[in-house]
Amino acid sequence: MKEIKQLTPRQIVQELDKYIIGQEEAKRNVAIALRNRIRRMMVKTDLQKDIVPNNILMIGATGVGKTEIARRLASVANAPFTKVEASKFTEVGYVGRDVESMVRDLVEQSINLVKEAKNEEVKERAAENVEDILLDILIPPVKTPTYSATSSTAQQGEFDPDKASEQELNERTRERFREKLKNGELEERKVEINVKQSSNVGVGMIGNGMIDDASMAGLQDMLSGMMPKKTKKRKLTIAEARKILMEEETSKLIDFDEVKEEAIHLAENNGIIFVDEVDKIASKSGQGSGGPDVSREGVQRDLLPIVEGSAVNTKYGLVHTDHVLFIAAGAFHVSKPSDLIPELQGRFPIRVELDNLTQKDFARILREPKNALTKQYQALFKAEEVSLEYSDEAIEEIARLAFKINEEVENIGARRLHTVMSHLLNDFLFDVPDTIEANSKILITKEMVEDRLSSLVKNRDLSQYIL
Ligand SMILES: Nc1ncnc2c1ncn2[C@@H]1O[C@H](COP(=O)(O)OP(=O)(O)OP(=O)(O)O)[C@@H](O)[C@H]1O
Ligand SMILES: [Mg+2]
(Lines give C-alpha, C1' and ligand atoms only; values in the text may rest on other atoms or scores of the structure.)
(Ligands and ions follow the chains in the order given, each with its own letter.)
Protein backbone atom coordinates (compact mmCIF):
# COMPACT_ATOMS: atom_id res chain seq x y z
CA MET A 1 0.00 0.00 0.00
CA LYS A 2 1.37 3.37 -1.00
CA GLU A 3 2.39 5.11 2.20
CA ILE A 4 1.16 8.56 3.06
CA LYS A 5 3.98 10.84 2.08
CA GLN A 6 5.79 12.15 5.13
CA LEU A 7 6.23 15.70 3.93
CA THR A 8 7.36 18.42 6.31
CA PRO A 9 5.22 21.55 6.56
CA ARG A 10 7.69 23.44 4.39
CA GLN A 11 7.61 20.75 1.75
CA ILE A 12 3.83 20.74 1.79
CA VAL A 13 3.76 24.49 1.21
CA GLN A 14 6.26 24.07 -1.61
CA GLU A 15 3.98 21.54 -3.25
CA LEU A 16 0.98 23.83 -2.89
CA ASP A 17 3.01 26.72 -4.32
CA LYS A 18 3.17 24.86 -7.61
CA TYR A 19 -0.54 25.41 -8.05
CA ILE A 20 -1.71 28.22 -5.82
CA ILE A 21 -0.50 31.79 -5.92
CA GLY A 22 -0.38 33.76 -2.68
CA GLN A 23 -2.60 32.73 0.29
CA GLU A 24 0.49 31.99 2.38
CA GLU A 25 -1.43 32.01 5.64
CA ALA A 26 -3.88 29.37 4.47
CA LYS A 27 -1.13 27.19 3.02
CA ARG A 28 0.85 27.34 6.26
CA ASN A 29 -2.11 26.27 8.32
CA VAL A 30 -3.21 23.39 6.17
CA ALA A 31 0.40 22.23 6.10
CA ILE A 32 0.52 22.23 9.89
CA ALA A 33 -2.77 20.38 10.12
CA LEU A 34 -1.51 17.73 7.74
CA ARG A 35 1.80 17.31 9.52
CA ASN A 36 0.05 17.09 12.86
CA ARG A 37 -1.71 13.95 11.75
CA ILE A 38 1.60 12.31 10.96
CA ARG A 39 2.87 13.50 14.33
CA ARG A 40 -0.19 12.07 16.04
CA MET A 41 0.38 8.67 14.52
CA MET A 42 3.83 8.67 16.04
CA VAL A 43 2.59 9.41 19.55
CA LYS A 44 2.77 6.08 21.31
CA THR A 45 0.88 6.83 24.50
CA ASP A 46 -2.81 7.00 25.31
CA LEU A 47 -2.64 10.64 24.35
CA GLN A 48 -2.81 9.59 20.72
CA LYS A 49 -6.52 9.11 20.73
CA ASP A 50 -7.12 12.38 22.54
CA ILE A 51 -5.30 14.47 20.00
CA VAL A 52 -7.97 15.88 17.73
CA PRO A 53 -7.38 17.25 14.26
CA ASN A 54 -6.77 20.94 13.66
CA ASN A 55 -9.93 21.55 11.75
CA ILE A 56 -9.70 24.70 9.70
CA LEU A 57 -12.19 27.36 8.75
CA MET A 58 -11.19 29.21 5.59
CA ILE A 59 -12.78 32.57 5.11
CA GLY A 60 -12.53 34.28 1.76
CA ALA A 61 -14.43 35.67 -1.19
CA THR A 62 -15.37 33.50 -4.10
CA GLY A 63 -12.67 32.31 -6.48
CA VAL A 64 -9.63 33.07 -4.33
CA GLY A 65 -8.49 29.47 -4.02
CA LYS A 66 -10.29 27.89 -1.04
CA THR A 67 -11.41 24.75 -2.77
CA GLU A 68 -8.22 24.58 -4.77
CA ILE A 69 -6.06 24.56 -1.64
CA ALA A 70 -8.05 21.77 -0.01
CA ARG A 71 -8.09 19.70 -3.17
CA ARG A 72 -4.37 20.08 -3.75
CA LEU A 73 -3.65 19.31 -0.14
CA ALA A 74 -5.43 16.00 -0.48
CA SER A 75 -3.52 15.05 -3.59
CA VAL A 76 -0.21 16.11 -2.04
CA ALA A 77 -0.95 13.81 0.89
CA ASN A 78 -2.44 11.08 -1.29
CA ALA A 79 -5.31 11.23 1.17
CA PRO A 80 -8.94 10.38 0.51
CA PHE A 81 -10.84 13.60 -0.07
CA THR A 82 -14.45 14.57 -0.49
CA LYS A 83 -16.24 17.87 -0.85
CA VAL A 84 -19.76 18.76 0.17
CA GLU A 85 -21.76 21.93 0.07
CA ALA A 86 -23.27 22.62 3.46
CA SER A 87 -26.05 24.63 1.88
CA LYS A 88 -27.21 21.51 0.05
CA PHE A 89 -28.58 20.15 3.30
CA THR A 90 -30.91 23.10 3.80
CA GLU A 91 -32.61 22.63 0.48
CA VAL A 92 -36.25 21.69 0.47
CA GLY A 93 -36.64 17.97 0.76
CA TYR A 94 -33.14 17.63 2.04
CA VAL A 95 -33.54 19.09 5.49
CA GLY A 96 -31.94 17.04 8.16
CA ARG A 97 -31.29 14.21 5.78
CA ASP A 98 -28.25 12.15 5.52
CA VAL A 99 -25.42 14.40 6.49
CA GLU A 100 -23.62 11.12 6.96
CA SER A 101 -23.41 10.63 3.21
CA MET A 102 -20.23 12.71 3.21
CA VAL A 103 -18.51 10.01 5.24
CA ARG A 104 -19.71 7.36 2.84
CA ASP A 105 -18.30 9.34 -0.06
CA LEU A 106 -15.02 9.61 1.77
CA VAL A 107 -14.79 5.85 2.23
CA GLU A 108 -15.65 5.36 -1.40
CA GLN A 109 -12.70 7.58 -2.34
CA SER A 110 -10.55 5.71 0.10
CA ILE A 111 -11.53 2.38 -1.45
CA ASN A 112 -10.52 3.73 -4.84
CA LEU A 113 -7.14 4.85 -3.56
CA VAL A 114 -6.41 1.52 -1.90
CA LYS A 115 -7.61 -0.41 -4.94
CA GLU A 116 -5.38 1.66 -7.18
CA ALA A 117 -2.38 0.95 -4.99
CA LYS A 118 -3.17 -2.76 -4.88
CA ASN A 119 -3.70 -2.86 -8.63
CA GLU A 120 -0.26 -1.42 -9.01
CA GLU A 121 1.14 -4.13 -6.76
CA VAL A 122 -0.33 -7.07 -8.66
CA LYS A 123 -0.14 -5.55 -12.10
CA GLU A 124 2.83 -7.56 -13.28
CA ARG A 125 1.53 -10.86 -12.03
CA ALA A 126 -1.89 -10.22 -13.56
CA ALA A 127 -0.28 -9.36 -16.88
CA GLU A 128 1.62 -12.64 -16.84
CA ASN A 129 -1.56 -14.55 -16.15
CA VAL A 130 -3.36 -12.75 -18.94
CA GLU A 131 -0.54 -13.59 -21.30
CA ASP A 132 -0.89 -17.27 -20.41
CA ILE A 133 -4.63 -17.17 -20.97
CA LEU A 134 -4.29 -15.47 -24.34
CA LEU A 135 -1.59 -17.87 -25.40
CA ASP A 136 -3.77 -20.84 -24.47
CA ILE A 137 -6.53 -19.45 -26.65
CA LEU A 138 -4.23 -18.78 -29.60
CA ILE A 139 -2.21 -21.99 -29.46
CA PRO A 140 -3.78 -24.48 -27.07
CA PRO A 141 -1.13 -26.65 -25.46
CA VAL A 142 -1.19 -30.29 -26.46
CA LYS A 143 -1.67 -32.66 -23.55
CA THR A 144 1.53 -34.20 -22.32
CA PRO A 145 1.18 -37.91 -22.90
CA THR A 146 0.90 -39.55 -19.53
CA TYR A 147 2.49 -42.87 -18.85
CA SER A 148 0.81 -43.99 -15.73
CA ALA A 149 1.95 -47.03 -13.89
CA THR A 150 -1.53 -48.50 -13.73
CA SER A 151 -2.01 -48.64 -17.44
CA SER A 152 -0.33 -51.93 -17.89
CA THR A 153 -0.40 -51.94 -21.60
CA ALA A 154 2.46 -52.65 -23.84
CA GLN A 155 2.71 -48.93 -24.48
CA GLN A 156 4.34 -48.33 -21.14
CA GLY A 157 7.67 -46.59 -21.52
CA GLU A 158 7.33 -46.81 -25.22
CA PHE A 159 8.59 -43.79 -27.05
CA ASP A 160 6.25 -42.32 -29.57
CA PRO A 161 8.20 -40.05 -31.88
CA ASP A 162 5.07 -38.63 -33.48
CA LYS A 163 3.61 -37.49 -30.23
CA ALA A 164 6.86 -36.16 -28.89
CA SER A 165 7.61 -34.10 -31.92
CA GLU A 166 4.08 -32.83 -31.99
CA GLN A 167 4.47 -31.64 -28.47
CA GLU A 168 7.83 -30.13 -29.14
CA LEU A 169 6.47 -28.33 -32.15
CA ASN A 170 3.60 -27.03 -30.11
CA GLU A 171 5.97 -25.77 -27.45
CA ARG A 172 8.08 -23.98 -30.00
CA THR A 173 5.07 -22.38 -31.67
CA ARG A 174 3.81 -21.24 -28.30
CA GLU A 175 7.12 -19.62 -27.50
CA ARG A 176 7.12 -17.82 -30.83
CA PHE A 177 3.63 -16.51 -30.19
CA ARG A 178 4.52 -15.54 -26.67
CA GLU A 179 7.21 -13.30 -28.15
CA LYS A 180 4.78 -11.86 -30.64
CA LEU A 181 2.26 -11.20 -27.87
CA LYS A 182 4.91 -9.46 -25.79
CA ASN A 183 5.98 -7.31 -28.72
CA GLY A 184 2.40 -6.30 -29.40
CA GLU A 185 2.42 -7.82 -32.88
CA LEU A 186 -0.91 -9.57 -32.45
CA GLU A 187 -2.99 -6.74 -30.98
CA GLU A 188 -5.41 -6.64 -33.89
CA ARG A 189 -6.01 -10.39 -34.10
CA LYS A 190 -9.45 -11.60 -33.00
CA VAL A 191 -9.95 -14.13 -30.26
CA GLU A 192 -12.98 -15.50 -28.50
CA ILE A 193 -13.16 -15.15 -24.74
CA ASN A 194 -15.72 -15.73 -22.03
CA VAL A 195 -16.81 -12.42 -20.56
CA LYS A 196 -18.47 -12.35 -17.17
CA GLN A 197 -21.61 -10.31 -17.15
CA SER A 198 -22.41 -8.40 -14.03
CA SER A 199 -26.02 -8.96 -13.21
CA ASN A 200 -27.51 -5.70 -12.13
CA VAL A 201 -30.51 -6.26 -9.96
CA GLY A 202 -32.64 -3.27 -9.25
CA VAL A 203 -33.99 -2.82 -5.75
CA GLY A 204 -36.28 -0.23 -7.16
CA MET A 205 -39.44 -1.57 -5.62
CA ILE A 206 -38.38 -0.56 -2.16
CA GLY A 207 -39.69 2.94 -1.73
CA ASN A 208 -37.35 5.82 -1.27
CA GLY A 209 -36.75 6.75 2.31
CA MET A 210 -37.66 3.37 3.72
CA ILE A 211 -34.07 2.41 4.23
CA ASP A 212 -30.96 4.52 4.20
CA ASP A 213 -28.45 4.62 1.38
CA ALA A 214 -25.94 2.38 3.09
CA SER A 215 -28.34 -0.50 3.58
CA MET A 216 -29.71 0.06 0.11
CA ALA A 217 -26.27 -0.30 -1.45
CA GLY A 218 -25.57 -3.31 0.73
CA LEU A 219 -28.80 -4.96 -0.36
CA GLN A 220 -27.99 -4.28 -3.97
CA ASP A 221 -24.57 -5.89 -3.60
CA MET A 222 -26.02 -8.86 -1.79
CA LEU A 223 -28.66 -9.45 -4.44
CA SER A 224 -26.24 -9.27 -7.32
CA GLY A 225 -23.94 -11.58 -5.39
CA MET A 226 -26.75 -14.14 -5.15
CA MET A 227 -27.52 -14.10 -8.84
CA PRO A 228 -25.50 -16.61 -10.83
CA LYS A 229 -22.80 -14.88 -12.81
CA LYS A 230 -23.59 -15.27 -16.47
CA THR A 231 -20.80 -15.50 -18.97
CA LYS A 232 -21.00 -14.72 -22.61
CA LYS A 233 -18.67 -15.61 -25.45
CA ARG A 234 -17.39 -12.57 -27.28
CA LYS A 235 -15.10 -12.14 -30.24
CA LEU A 236 -12.65 -9.36 -29.52
CA THR A 237 -9.28 -8.15 -30.65
CA ILE A 238 -6.41 -9.17 -28.41
CA ALA A 239 -6.04 -5.57 -27.32
CA GLU A 240 -9.66 -5.43 -26.12
CA ALA A 241 -9.57 -8.91 -24.65
CA ARG A 242 -6.42 -8.08 -22.72
CA LYS A 243 -8.16 -5.13 -21.06
CA ILE A 244 -11.10 -7.25 -19.91
CA LEU A 245 -8.96 -10.19 -18.81
CA MET A 246 -6.60 -7.84 -17.01
CA GLU A 247 -9.50 -6.59 -14.90
CA GLU A 248 -10.64 -10.10 -14.08
CA GLU A 249 -7.17 -11.37 -13.23
CA THR A 250 -6.39 -8.30 -11.14
CA SER A 251 -9.48 -8.70 -9.04
CA LYS A 252 -8.68 -12.39 -8.56
CA LEU A 253 -5.32 -11.45 -7.09
CA ILE A 254 -6.70 -8.83 -4.72
CA ASP A 255 -8.31 -9.69 -1.42
CA PHE A 256 -11.26 -7.37 -1.15
CA ASP A 257 -11.61 -7.81 2.61
CA GLU A 258 -8.11 -6.48 2.96
CA VAL A 259 -8.96 -3.55 0.70
CA LYS A 260 -11.98 -2.71 2.86
CA GLU A 261 -9.99 -2.85 6.05
CA GLU A 262 -7.18 -0.68 4.75
CA ALA A 263 -9.59 1.76 3.16
CA ILE A 264 -11.46 2.30 6.41
CA HIS A 265 -8.22 2.78 8.27
CA LEU A 266 -7.04 5.25 5.65
CA ALA A 267 -10.28 7.23 5.69
CA GLU A 268 -10.35 7.37 9.48
CA ASN A 269 -6.78 8.54 9.91
CA ASN A 270 -6.02 10.45 6.75
CA GLY A 271 -9.35 11.44 5.27
CA ILE A 272 -10.10 15.07 4.51
CA ILE A 273 -13.66 16.34 4.24
CA PHE A 274 -14.14 19.76 2.74
CA VAL A 275 -17.36 21.46 3.79
CA ASP A 276 -18.01 24.34 1.47
CA GLU A 277 -20.45 27.21 1.94
CA VAL A 278 -20.70 26.89 5.70
CA ASP A 279 -21.55 30.58 5.84
CA LYS A 280 -24.85 29.65 4.23
CA ILE A 281 -25.84 27.58 7.24
CA ALA A 282 -24.79 30.19 9.78
CA SER A 283 -27.78 32.20 10.87
CA LYS A 284 -27.51 35.68 12.22
CA SER A 285 -28.28 35.62 15.88
CA GLY A 286 -31.21 37.60 17.18
CA GLN A 287 -33.09 37.34 13.93
CA GLY A 288 -35.89 35.50 15.57
CA SER A 289 -36.91 32.01 14.70
CA GLY A 290 -37.76 32.44 11.05
CA GLY A 291 -38.35 29.42 8.88
CA PRO A 292 -35.00 29.05 7.11
CA ASP A 293 -33.00 29.76 10.28
CA VAL A 294 -34.44 26.77 12.01
CA SER A 295 -33.29 24.47 9.25
CA ARG A 296 -29.88 26.11 9.12
CA GLU A 297 -29.30 25.51 12.75
CA GLY A 298 -30.68 22.04 12.27
CA VAL A 299 -28.02 21.31 9.70
CA GLN A 300 -25.34 22.60 12.03
CA ARG A 301 -26.63 20.26 14.71
CA ASP A 302 -26.58 17.39 12.24
CA LEU A 303 -23.03 18.21 11.25
CA LEU A 304 -21.83 18.48 14.81
CA PRO A 305 -21.61 14.80 15.75
CA ILE A 306 -19.78 13.98 12.55
CA VAL A 307 -17.26 16.74 13.07
CA GLU A 308 -16.95 15.93 16.75
CA GLY A 309 -16.39 12.29 16.02
CA SER A 310 -18.93 9.52 15.70
CA ALA A 311 -19.26 6.16 14.06
CA VAL A 312 -20.96 6.15 10.69
CA ASN A 313 -22.31 3.02 9.09
CA THR A 314 -21.10 2.49 5.56
CA LYS A 315 -21.39 -0.48 3.27
CA TYR A 316 -17.77 -1.31 4.01
CA GLY A 317 -18.18 -1.17 7.76
CA LEU A 318 -18.21 1.35 10.60
CA VAL A 319 -16.14 4.48 10.08
CA HIS A 320 -15.09 6.61 13.02
CA THR A 321 -14.77 10.28 12.17
CA ASP A 322 -12.79 11.37 15.24
CA HIS A 323 -9.59 11.92 13.31
CA VAL A 324 -10.92 12.93 9.94
CA LEU A 325 -9.66 16.39 9.04
CA PHE A 326 -12.48 18.82 8.31
CA ILE A 327 -11.82 21.95 6.33
CA ALA A 328 -14.78 24.30 6.20
CA ALA A 329 -14.97 27.29 3.92
CA GLY A 330 -17.22 30.19 3.22
CA ALA A 331 -17.28 33.80 2.10
CA PHE A 332 -18.99 35.04 5.28
CA HIS A 333 -20.15 38.23 3.61
CA VAL A 334 -23.45 38.33 5.41
CA SER A 335 -22.98 36.08 8.40
CA LYS A 336 -19.90 35.77 10.58
CA PRO A 337 -18.15 32.69 11.95
CA SER A 338 -19.52 33.70 15.34
CA ASP A 339 -23.02 33.13 13.97
CA LEU A 340 -22.35 29.42 13.92
CA ILE A 341 -23.51 27.50 16.96
CA PRO A 342 -20.78 27.58 19.65
CA GLU A 343 -20.15 23.83 19.57
CA LEU A 344 -19.38 23.96 15.88
CA GLN A 345 -17.19 27.05 16.24
CA GLY A 346 -15.18 25.19 18.83
CA ARG A 347 -14.58 22.37 16.41
CA PHE A 348 -12.93 24.68 13.89
CA PRO A 349 -10.25 26.24 16.06
CA ILE A 350 -8.10 27.51 13.21
CA ARG A 351 -9.40 30.43 11.23
CA VAL A 352 -7.60 31.64 8.17
CA GLU A 353 -8.62 34.53 6.02
CA LEU A 354 -7.77 34.34 2.38
CA ASP A 355 -6.66 37.51 0.66
CA ASN A 356 -8.48 39.04 -2.23
CA LEU A 357 -6.43 38.54 -5.34
CA THR A 358 -4.70 41.54 -6.84
CA GLN A 359 -4.00 42.33 -10.47
CA LYS A 360 -0.43 41.18 -9.88
CA ASP A 361 -1.71 37.86 -8.53
CA PHE A 362 -3.84 37.47 -11.65
CA ALA A 363 -0.79 37.87 -13.88
CA ARG A 364 1.05 35.28 -11.81
CA ILE A 365 -1.94 32.91 -11.87
CA LEU A 366 -1.90 33.19 -15.65
CA ARG A 367 1.79 32.38 -15.86
CA GLU A 368 3.03 30.29 -12.99
CA PRO A 369 0.88 27.36 -11.81
CA LYS A 370 1.73 23.99 -13.33
CA ASN A 371 -1.77 23.88 -14.76
CA ALA A 372 -2.03 27.59 -15.60
CA LEU A 373 -4.79 28.53 -18.02
CA THR A 374 -2.32 29.87 -20.56
CA LYS A 375 -0.58 26.49 -20.53
CA GLN A 376 -3.87 24.64 -20.86
CA TYR A 377 -4.74 26.57 -24.02
CA GLN A 378 -1.25 26.05 -25.37
CA ALA A 379 -1.73 22.34 -24.95
CA LEU A 380 -5.09 22.45 -26.72
CA PHE A 381 -3.59 24.23 -29.71
CA LYS A 382 -0.57 22.02 -29.70
CA ALA A 383 -2.86 19.04 -30.10
CA GLU A 384 -3.57 20.54 -33.55
CA GLU A 385 0.12 21.32 -34.01
CA VAL A 386 -0.43 25.04 -33.74
CA SER A 387 1.88 26.97 -31.48
CA LEU A 388 0.39 29.58 -29.19
CA GLU A 389 2.52 32.22 -27.47
CA TYR A 390 1.67 35.25 -25.40
CA SER A 391 3.72 38.41 -25.10
CA ASP A 392 4.42 39.59 -21.56
CA GLU A 393 2.41 42.73 -22.11
CA ALA A 394 -0.51 40.66 -23.32
CA ILE A 395 -0.58 38.70 -20.05
CA GLU A 396 -0.40 41.93 -18.07
CA GLU A 397 -3.28 43.31 -20.09
CA ILE A 398 -5.42 40.21 -19.57
CA ALA A 399 -4.79 40.45 -15.83
CA ARG A 400 -5.63 44.14 -15.82
CA LEU A 401 -8.87 43.68 -17.70
CA ALA A 402 -9.97 40.70 -15.60
CA PHE A 403 -9.30 42.68 -12.46
CA LYS A 404 -11.23 45.64 -13.81
CA ILE A 405 -14.25 43.60 -14.75
CA ASN A 406 -14.25 42.06 -11.28
CA GLU A 407 -14.29 45.52 -9.76
CA GLU A 408 -16.95 46.90 -12.01
CA VAL A 409 -19.34 44.04 -12.56
CA GLU A 410 -18.96 41.36 -9.93
CA ASN A 411 -15.98 39.96 -8.11
CA ILE A 412 -15.68 36.30 -9.02
CA GLY A 413 -11.97 36.09 -8.25
CA ALA A 414 -9.64 34.09 -10.43
CA ARG A 415 -12.62 32.52 -12.16
CA ARG A 416 -12.77 35.74 -14.19
CA LEU A 417 -9.61 34.68 -15.95
CA HIS A 418 -11.45 31.72 -17.42
CA THR A 419 -14.16 33.83 -19.03
CA VAL A 420 -11.70 36.41 -20.29
CA MET A 421 -9.31 33.87 -21.76
CA SER A 422 -12.01 31.89 -23.48
CA HIS A 423 -13.45 35.03 -25.02
CA LEU A 424 -10.02 36.17 -26.13
CA LEU A 425 -9.17 32.91 -27.85
CA ASN A 426 -12.61 32.04 -29.12
CA ASP A 427 -12.02 32.93 -32.78
CA PHE A 428 -8.74 31.08 -32.91
CA LEU A 429 -10.33 28.04 -31.37
CA PHE A 430 -12.93 28.14 -34.10
CA ASP A 431 -10.50 28.70 -36.97
CA VAL A 432 -8.08 25.91 -36.14
CA PRO A 433 -7.57 23.79 -38.18
CA ASP A 434 -9.80 25.04 -41.02
CA THR A 435 -8.20 28.37 -41.80
CA ILE A 436 -5.33 28.26 -39.35
CA GLU A 437 -3.55 25.11 -40.36
CA ALA A 438 -1.12 22.84 -38.60
CA ASN A 439 2.35 24.28 -38.03
CA SER A 440 1.05 27.85 -37.79
CA LYS A 441 2.11 30.12 -34.99
CA ILE A 442 -0.18 32.44 -33.04
CA LEU A 443 1.26 35.23 -30.96
CA ILE A 444 -1.12 37.00 -28.60
CA THR A 445 -0.09 40.63 -28.29
CA LYS A 446 -1.31 43.42 -26.10
CA GLU A 447 -3.00 45.05 -29.11
CA MET A 448 -4.88 41.87 -29.79
CA VAL A 449 -6.14 41.71 -26.21
CA GLU A 450 -7.25 45.34 -26.34
CA ASP A 451 -8.82 44.80 -29.70
CA ARG A 452 -10.90 41.88 -28.64
CA LEU A 453 -11.78 42.85 -25.13
CA SER A 454 -11.71 46.54 -24.36
CA SER A 455 -14.90 47.42 -26.18
CA LEU A 456 -16.62 44.82 -24.03
CA VAL A 457 -15.01 46.06 -20.86
CA LYS A 458 -16.16 49.59 -21.55
CA ASN A 459 -19.71 48.50 -22.09
CA ARG A 460 -20.86 47.40 -18.69
CA ASP A 461 -24.06 45.77 -19.92
CA LEU A 462 -22.26 43.75 -22.50
CA SER A 463 -19.55 42.56 -20.14
CA GLN A 464 -22.19 41.46 -17.68
CA TYR A 465 -23.34 38.91 -20.17
CA ILE A 466 -20.28 38.01 -22.09
CA LEU A 467 -17.32 38.13 -19.73
N1 LIG B 1 -4.62 31.78 -5.42
C2 LIG B 1 -4.85 31.12 -6.56
N3 LIG B 1 -3.83 30.64 -7.29
C4 LIG B 1 -4.06 29.95 -8.44
N5 LIG B 1 -5.27 29.70 -8.94
C6 LIG B 1 -6.33 30.15 -8.27
C7 LIG B 1 -6.18 30.86 -7.04
N8 LIG B 1 -7.39 31.17 -6.58
C9 LIG B 1 -8.26 30.67 -7.46
N10 LIG B 1 -7.65 30.06 -8.47
C11 LIG B 1 -8.31 29.41 -9.61
O12 LIG B 1 -9.64 29.89 -9.70
C13 LIG B 1 -10.61 28.87 -9.79
C14 LIG B 1 -11.59 28.92 -8.63
O15 LIG B 1 -10.91 28.72 -7.40
P16 LIG B 1 -11.58 27.95 -6.17
O17 LIG B 1 -12.46 26.88 -6.68
O18 LIG B 1 -10.52 27.55 -5.25
O19 LIG B 1 -12.46 29.10 -5.54
P20 LIG B 1 -13.12 29.16 -4.09
O21 LIG B 1 -12.28 30.06 -3.27
O22 LIG B 1 -13.35 27.80 -3.60
O23 LIG B 1 -14.47 29.90 -4.44
P24 LIG B 1 -15.99 29.58 -3.94
O25 LIG B 1 -16.17 30.28 -2.66
O26 LIG B 1 -16.83 30.17 -5.02
O27 LIG B 1 -16.12 28.11 -3.85
C28 LIG B 1 -9.83 27.59 -9.83
O29 LIG B 1 -9.79 27.19 -11.19
C30 LIG B 1 -8.44 27.92 -9.35
O31 LIG B 1 -7.48 27.21 -10.08
MG1 LIG C 1 -15.06 26.60 -3.57
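The buried residues of helix α14 are Ala394, Glu397, Ile398, Ala399, Leu401, Ala402, Phe403, Ile405 and Asn406; a residue is buried if 20 or more other C-beta atoms, placed from the backbone, lie within 10 Å of its own. The structure is a predicted model, in which local features need pLDDT of at least 70 and side-chain atom pairs count only at pLDDT 80 or more, while totals for chains, interfaces and linings use all residues. Residues are numbered from 1 along each chain as its sequence is written, and chains are lettered from A and ligands numbered from 1 in the order in which they are written.

Helix α14 covers residues 392–408, and its 17 residues should span 24 Å at 1.5 Å a residue, the expected span being 1.5 Å times one less than the number of residues. The end C-alpha atoms of α14 are 25 Å apart, which agrees.

The protein chain as a whole has 17 helices and 11 strands. These are DSSP runs numbered from the N terminus (helices: H or I, at least four residues; strands: E, at least two). Of the 467 residues in the chain, 30% are buried.

Attention now turns to ligand 1. Its shell has 19 residues, of which Thr62, Gly65, Lys66, Thr67 and Ala414 come nearest; a residue is near the ligand if its C-beta atom, placed from the backbone, lies within 6 Å of it. Helix α4 (residues 66–77) gives the most to this shell, with 3 residues. Domain 1 (9–111 + 263–353) and domain 3 (359–455) both give residues to the shell, so ligand 1 lies between them; the domain bounds come from an automatic or database domain assignment.

Note on methods: A residue is buried if 20 or more other C-beta atoms lie within 10 Å of its own, exposed if 12 or fewer, and partly exposed in between; C-beta atoms are placed from the backbone.
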